[in-house]
Amino acid sequence: MITLPPFEAFLEEHRTPVYRLLHAMVGPQAAEDCFQETFLSALRAYPRLPRDANHRAWVMRIATNKAFDHLRAAKRRAVPVAEVPEQPVADPELDGEPELWRAVRSLPPLQRAAVVQRYVFDLTYAEVGSALGCSEEAARANAYEGRRKLRKAMADA
Amino acid sequence: MRELKTVGRGDADAMAAQAAARFHDLAAERGLVDVAYAVVPSPVGDLIVATTRRGLVRIGFPTEAPQDVVEELSVLLSPRVLEAPAKLDEVRRELDEYFEGRRTRFEVPVDMSLTRGFTRKVLQATARIPFGSVSTYRDVARKAGNDRAYRAAGNALGSNPIPIVVPCHRVLHSGGGLGGYGGGLGVKRFLLDLEHAL
């Protein structure tokens, strides 16, 4: 009989990919909050999760939705400021290339999500589409457009 | 986009681990944990101890792999199982006091949902054997309602999900032999010595 793993094991297995997705989607500061929201939602629904479901795809979809919620709320909260601070606030970045991550986060949310899921996590376009709630074609188009912009941003930098 | 695949892997592990540590507290605070467990050190080795909202439900000796115990709780009770030591502070305190010889009865509520039928009756009879005294398989069988079922009583005690607190170590053979013990006979002898029962 296949049974659900204890949530402790589920958390252990998926915490790093979820964190990386959120970090790429919303940045280091908000990633922590979105991470907590993602796993709280997952824990609430967990006993009803079909045993043969794709657990990784399920939790990534929750995380993607939390990231979108966060980005929408941040947009609503954004108000014009009189003075722009001269020094950018230091962002603790993951190892790797900070410029690249900043370029990823300057993409529109759907392109950002599609790029991260396709090129960071190697999901198929069908899986990206199911995580984003759009068609495979739309997932492909968003990943393509996002990648094109990234190439351009990195070439300009 | 090969560079996207490799960046952010190293530190993400550490940051995810920290976030997961905070998640344990948050989940417990929100009341979303059906089974909370912790590892509690003791003179008879590390015990894995688990509680539900109703009370203490499981104590595992080092003879059992902690992972197997967690798995068992997940299957038999609920998959919402998380390590949450704060939920076991009371149990830990009582166990510490017991092993230091400062406690002769446990007061934490107990959840017997891992037991059924005759087994539960045998364990309920066993729970009434006071600190420092002993009983026999035949006697607990009788108190559970069937004095000829002493073999079944032995099996019931062998499957006791909450040893130490439900004191199956106080049940011996009628002839005075120690009988058996899930945590090993050395542990049974240790507990009886601690209670000056022999």
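**Entry 1: a term to start with**

Before looking anything up, I wrote down that a salt bridge is a side-chain nitrogen of Lys or Arg within 4 Å of a carboxyl oxygen of Asp or Glu. I also noted that the model I am reading is predicted.

**Entry 2: the salt bridge between the chains**

I looked for salt bridges across the interface of chain B and chain A, and the rule finds one. The partners are the side chains of A:E32 and B:R22, with 2.6 Å from N to O. That N to O distance of 2.6 Å is inside the 4 Å cut-off, so the pair qualifies.

Then I asked myself which elements of chain B each supply at least two residues of the side that touches chain A. They are α1 (2–6), α2 (10–29), α3 (66–76) and β4 (81–83) of chain B. The largest share comes from α2(B), with 14 residues. Sorting the residues on this side of chain B by class, I got 19 nonpolar, four polar and ten charged.

**Entry 3: the extent of the chain interface**

I looked up how many residues take part: 33 residues of chain B are in contact with 35 residues of chain A. I learned that the size of an interface is often given as the accessible area lost when the parts come together. Chain B and chain A bury about 3,300 Å² between them, and 67% of it is on carbon and sulfur atoms.

**Entry 4: inside chain B**

I turned to chain B by itself, which is divided into domain 1 (12–99) and domain 2 (117–194). Their C-alpha centres lie 25 Å apart. Twelve residues from domain 1 of chain B and 14 residues from domain 2 of chain B make up the contact.

The two domains of chain B bury about 1,200 Å² between them, 77% of it on carbon and sulfur atoms.

**Entry 5: polar links between the domains**

I counted zero salt bridges between domain 1 and domain 2 of chain B. For polar contacts across that interface, the rule finds two residue pairs, both residues at pLDDT 80 or more. On the side of domain 1 that touches domain 2, β3 (56–60) and α4 (89–99) of chain B are the elements giving two or more residues. Of these, β3(B) gives the most, with four residues. By class, I noted ten nonpolar, one polar and one charged residues on that side of domain 1 of chain B.

Notes. Residues are numbered from 1 along each chain as its sequence is written. Chains are lettered from A and ligands numbered from 1 in the order in which they are written. This is a predicted model: local features need pLDDT of at least 70, side-chain atom pairs count only at pLDDT 80 or more; totals for chains, interfaces and linings use all residues. Side-chain values use heavy atoms; hydrogens and water are left out. Contact means heavy atoms within 4.5 Å. Buried area is the accessible area (1.4 Å probe) that two parts lose on being put together, summed over both. Ala, Val, Leu, Ile, Met, Phe, Trp, Tyr, Cys and Pro count as nonpolar, Asp, Glu, Lys and Arg as charged, and the others, Gly among them, as polar. Domain bounds come from an automatic or database domain assignment. A polar contact is a pair of N or O atoms within 3.5 Å; within protein, one must be able to donate a hydrogen and the other to accept it, and residues adjacent in sequence count only if both atoms are side-chain atoms.
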